[in-house]
Structures are given as structure tokens and as C-alpha cells.
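Please look over the structure shown here before reading on. The briefing that follows takes up the ligand site and then the packing of helices.

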Amino acid sequence: MNFKKSNKLYKKGLKNLVGAVNSPVRAFSSVGGNPLFIKKAKGTKITDVDGNDYVDLVLSYGPMILGHRHKKVQKAVTKALENGYSFGASTENEIKLAKIVCDAFPEMDKVRFVNSGTEAVLSGIRLARAFTGKDKIIKFSGCYHGHQDALLVAAGSGLATLSLPGSKGVPEGAVKNTLIAEYNNLESVKKHFAEHNDIAGVIIEPIGGNMGVVIPQNNFLKELKKYLETKGALLIADEVMTGFRSKFGGAQELLCVTADITCLGKVIGGGFPVGAYGARNEIMENVAPLGGMYQAGTLSGNPIAMAGGIATLTELRKQNPYDKFEEIGAIIEVILLETAKKYNVDLTVNRFGSMLNPFFTKTKVTNFEEAQTSDTEKFAVFFWEMIKNGVFLPPSQFEAWFLSSALTEKDIKIIANAVDKAMNAVANS
Ligand SMILES: Cc1ncc(COP(=O)(O)O)c(C=O)c1O
């Protein structure tokens, strides 16, 4: 396997792009070497510019849940293109996608479409403040909620990978209303409520995906929601990653919890730029034009993206792949654990449905601190060996791997073979 063309493009890209990437998670900073440049993808496979094929467990960091270029999505998008790309006025497909989304989340009467997960969350936070008239927001360390200033503290993967404590350019004032709690630790939330009486809500990734996969323990979410109700504060579920992925109704359906405000992204656009935030009527009526909370977007509800989203969610509902995800996820988990045992490598695997990842540590990982006990140098060795053996992984210890409904037994064999080679390399590193 050679990466000649990728390396050449990387050098060329450095001139006019920052680090030759448009999102830092795509840089290979923590695993060494240069980023791969991708030419195309189809089904479970992604192909780089050198013609190397990989089973894709990145899936554009989650959106490609049906695999790449599903024929129904491709058809719907191609048809939409024939009618125009953007109108600055409403279309029927926005209503159709809104209905699919609201039907999936019982607490959601209305939804507003935006263009990314970041926009969805920053709008959801603004809405929580508008509705409650309070300013402070609690977030959990290790959870990432997009790159808005207020939440760019203790923010998981990209920042952890680059070893940045936060971000330059974020003024202190922008984070002064952000309080940090520890994932899976309700006491750390209660402590803030004991000290502050102006907390609008708590934002959480209901299944942590940006510190590696971290699973809520012992009804953490249910207990959190119950507690917030006693305080008149809102639960804001950042389901950008888990929405329509953990279950059709997101992690909330899986965990039997309902959030007050839900933020979505990734899968709802099926690979096109869509985000959304939604809630029950009394909350959403605060959003302009019904209420005084302003939020807008030139390309929001874009017709091509709406067509991609409707086709993706319609097919997803039909396939209902969640049992299959559980089955395949469990198989890959066992492959990882047994191979690690075979080569005497310390490994913890966290998995929830179609999101999983290995941590190179003996420690149980239930929060960001424990995630950071993972040996990232071992991960780097593992990563490159997986690449060389045909499996495309996120180039960071702290990113989740994603499964698509297109995965086949043959793909699992490729994964198993790569894991064997990679674990052997780790053992000898
Ligand atoms: C949980 C979560 N929230 C928000 C975001 C931001 O979404 P986007 O990258 O589409 O702005 C992400 C991105 O990975 C995410 O995982």
C-alpha cells in the first residue's frame, strides 16, 4: 500500500489550506504521518487517491449510517438538483423532514433546521436561556458540542487530541456562564446548583462520543432529568451524534429519557449539511418569528440537504438496523478484546449500539479523566496498522468508530484480520 498521491496533495494543500484540512480532526496530528486524501466512496468502502480501499468506520464522523451513496438517497438528491439548489423561501420538503424528526422524538412539537451540529447546539443553548430567563449552562468535561465559544471548554476529542486546554481566541467573558461537571457524576451537577441560582440548563451528549465512547452509568440520565425538574432547569440533549443512530428516536429512545431541547445533526442530513434543534411548543414559540429569540440562516432548510435527509431517514426507518448494529457491534467488540488478550495488550472497549472504540488502558472508562489513561502512542501504532490492512478509522484515540447498515460479513473478516495485525504490532511496539 502506498500513499504517494495523498502525500503529494497534502504538501500542495498546505499552501492555501490550514494544515491542508478543513477540520482539525482530519489532521493526523496524534497518529503521525500525513492525512489521506479521499477520492470516492460506495457502500461500506472508501477509496483514497492512491486507489487504496478501506472498510470505512469513520463514515464522515457518523452521518453515513446507510453506507456511502445509498441508491435511494442518490436518486432523491439528483432529482432535487433538477429543481434548483437554494431559494431563500420555504419548500414542502422542509415540512416533510420536520414531521419525520418530530415524530421520532415524542417531546418535540416543532423543529428548526440549521446547517451544522454547531449551529444546532448554539441555538439550543440560546433557546434554553431565552425560555428560562437564566444565563448559566452546565456542560460535562469531555463532551464536545461544536465550536461555539461558550462551550469550547473541556471539550473532548479534537482538543484532547491536540492537547489544547481550550481554544485561543475565546474570551473569558464568553465562558463565564459555562460551568463544568463530571460525566456520570450527578453530585458534580448538584454542587453547581447549590452555588448558583441562575442555571438555565444542562447540556449533555446522552452517550459520550467525543472522549471516545463513554456510556451513561446507573440511570445517570434519568436521575439527571429528575433532578433538573426539581430545579426548573432544562435538559438539553446534544444528539448530533446519537440522533437516529442509537435508535430512530436517538439515545433518548434507547435510554427512555426525554430532553426538553434536542439538538440534531449528522444523520439527519445523510451526508449533507443539516442540523436541527427542537422542543415542545411552549419552548419553540420563543424562536423568531413566533418569539423574541433570533436565529436565522441563508441556506437553512436547503432543498438538496432536505432531500438527502428525507431519503436517508425514510430508508433508515424501513431498514430498522438497530438490532443488526447491536449484533455487529458486539462481534467487533469481541474481536478487539480477544485479539488484545491473544497479544497480551491492555484494552478496554466501550460500545453502545453502533458506536464503539477501544482504549489502550486497563482502566474502566466512564468519564474523560479515565479516557485519558489510554496510551495514545499505542493507538497511533494500532491506527496505522489498521489503515495498512484496509480499515479506515478516525485518526484519534478519542473519536468514536461508527457502523453502517451496509456492513457485510466480508467487511467484518477484513476488520478481524486488520485487528489481528494491528494488535500484534502494538504488542511489539
Ligand atoms: C455531539 C456533537 N455535538 C455537536 C457537534 C458539532 O457538529 P458539527 O461538526 O456538524 O458542527 C458534534 C460534531 O462532531 C458532535 O459530535
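A polar contact is a pair of N or O atoms within 3.5 Å; within protein, one must be able to donate a hydrogen and the other to accept it, and residues adjacent in sequence count only if both atoms are side-chain atoms. This is a predicted model, in which local features need pLDDT of at least 70 and side-chain atom pairs count only at pLDDT 80 or more, while totals for chains, interfaces and linings use all residues. Residues are numbered from 1 along each chain as its sequence is written, and side-chain values use heavy atoms, with hydrogens and water left out.

**Ligand site**

- A backbone N or O atom of tyrosine 144 lies 3.4 Å from a nitrogen atom of the ligand.
- An oxygen atom of the ligand lies 2.9 Å from a backbone N or O atom of glycine 117, and a polar side-chain atom of threonine 118 lies 2.6 Å from an oxygen atom of the ligand.
- The residues that surround the ligand (each with a heavy atom within 4 Å of it) include Ser116, His145, Glu205, Asn210, Asp238 and Lys266.

**Helix α2 with helix α11**

- Helices here are DSSP runs (H or I, at least four residues) numbered from the N terminus, and their axes are lines fitted to C-alpha atoms over the stretch in contact, with angles from 0 to 180 degrees between N-to-C directions.
- The axes of α2 (residues 71-81) and α11 (residues 303-319) come within 8 Å and cross at roughly 155 degrees, and the two helices are therefore roughly antiparallel (angles over 145 degrees; under 35 is roughly parallel, 65 to 115 roughly perpendicular and the rest oblique).

**Helix α15 and its partners**

- Helix α12 (residues 322-342) packs with helix α15 (residues 409-427) at an angle of about 25 degrees, with their axes 9 Å apart, and α12 and α15 are therefore roughly parallel to each other.
- The contact of α12 with α15 divides into 11 nonpolar, one polar and two charged residues.
- Helix α14 (residues 376-388) and α15 have axes that come within 8 Å and cross at roughly 140 degrees, which makes α14 oblique to α15.
- The contact of α14 with α15 involves residues including Phe382 and Glu385 of α14 and Ala418 and Lys421 of α15.

Definitions and conventions. Ala, Val, Leu, Ile, Met, Phe, Trp, Tyr, Cys and Pro count as nonpolar, Asp, Glu, Lys and Arg as charged, and the others, Gly among them, as polar. Contact means heavy atoms within 4.5 Å.
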